[in-house]
Amino acid sequence: MQTQEAPVDQVLNLRVGEIVEVRSEAEILATLDGRGELESLPFMPEMLQYCGRRFRVDKLAVKLCNTIGSTGMYRMRNAVHLAAARCDGQAHGGCQAGCLIYWKEAWLKRVPAGEPGPAPAPGCTLATLTAATRRPADPATPDEERYACQATELLRAAPESIPAWDGRQYLQDVRSGNAGALAMIRTLGIGLFNEYQDASRRLLPRPLRIRAGRRYPFIEGRLQKTPVQTLGLQPGERVRVKRREEIVATLDANNANRGMSFDGEMLRYCGQEARVLRRVERIIDEKSGRMLRLKNPCIILDDVTCTGAYHRQCPRGIYPYWREIWLERVE
């Protein structure tokens, strides 16, 4: 099936900070193809609640880090992220990942809006959107539901890989307002250093490597078996992220605790206080579409997101997952 493309007059060239209004349900459905997609990006039923509401453009979704296959950065076109517009997972089995939604510019209009256009022609239907939230069953497990959402389909919507040496991406980030010049210079410096570290592990003998060729920031877990701590945290409770040294002491050689990675992006929050947003017990696996039930629930903290400082300023704003052993209650 041929993918629907956005008409030229619906490409708004938005900038960070602009106020936009989400178009009506009928207008948006008219832009979608028979799979409920525009340029291979699904419009999800969870997004309908935002129709008619106004938001600030938080970031231009010009690129994204590949969390499906960990193969670098990919280019997205004609899309933005809106402040505080996240997926609640209600049409996808109650997935609790809370992903920041991608919005094609064709689904938005500037505020104040101009003269109303002609009535939209029929395009997609609500039934199509609902059906598109499911993938065909795997023959090996025919009774297991498999889901499709923006996160699982990102590499179809953004198929063009962006190599690290392509300087246009960094210039676009600064010009668009996605990142400041100083932040971008720091990101470039870290990126160049980490490229050297990767090469040193392949080419240099161990005595000549810097910190054994580890990538910056240096997180050096050493345990064979990682400890467990359960606090029973609930939404609304105040917590403090433990100090770096305390967290590293709970990690294995892959910088993980019971299979959950502690990423360098999380270091900036060490010592800070935050409110528990939710306990995460189920999330959709972006590669397979299967619902993963977590044996050990993890925690999402309110307004604590990945800033992309170590990932080429990726604007996805993903919530990091926190083991309870990395947190402490604030009485």
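Which glycine just after α4 takes a positive phi? I looked it up in this model, which is a predicted one. Glycine 177 does, with a phi of about 95 degrees.

**Helix α4**

I then went back along the helix itself, residues 168–176. I found Gln169, Tyr170, Asp173 and Ser176 listed as its buried residues. Looking down the axis of α4, I see these buried residues fall within an arc of 140 degrees, so they line one face of the helix. I checked the other side too, and there Arg168 and Arg175 are exposed.

What do the buried residues of α4 pack against? I noted the strands β4 (54–60), β5 (63–65), β6 (73–75) and β10 (160–162), plus helix α5 (181–203).

**The β15-β14-β11-β16 sheet**

Next I traced an open sheet of four strands, in the order β15-β14-β11-β16, with antiparallel pairing. I find β15 and β16 (327–329) at the edges with a single partner strand each, so one side of each has no neighbour in the sheet. Neighbouring strands here are turned by 45 degrees against each other on average, direction ignored.

I took the pairs in turn. β14 (residues 273–284) runs antiparallel to β15 (residues 291–301), and I count seven bridges for them. Isoleucine 284 has methionine 291 in β15 as its bridge partner. The hairpin of these two strands has six residues between them, and I noted that glycine 289 in this hairpin takes a positive phi near 80 degrees.

Which residue in β16 stands opposite valine 241? I found leucine 327 there.

Methods
Residues are numbered from 1 along each chain as its sequence is written. This is a predicted model: local features need pLDDT of at least 70, side-chain atom pairs count only at pLDDT 80 or more; totals for chains, interfaces and linings use all residues. Side-chain values use heavy atoms; hydrogens and water are left out. Buried means under 20% relative accessible area, exposed over 50%, partly exposed in between (1.4 Å probe, protein chains only). The arc is that of the directions from the helix axis to the C-beta atoms. Contact means heavy atoms within 4.5 Å. Two strands pair if DSSP finds at least two bridges between them. Axes are lines fitted to C-alpha atoms, for helices over the stretch in contact, and angles run from 0 to 180 degrees between N-to-C directions.
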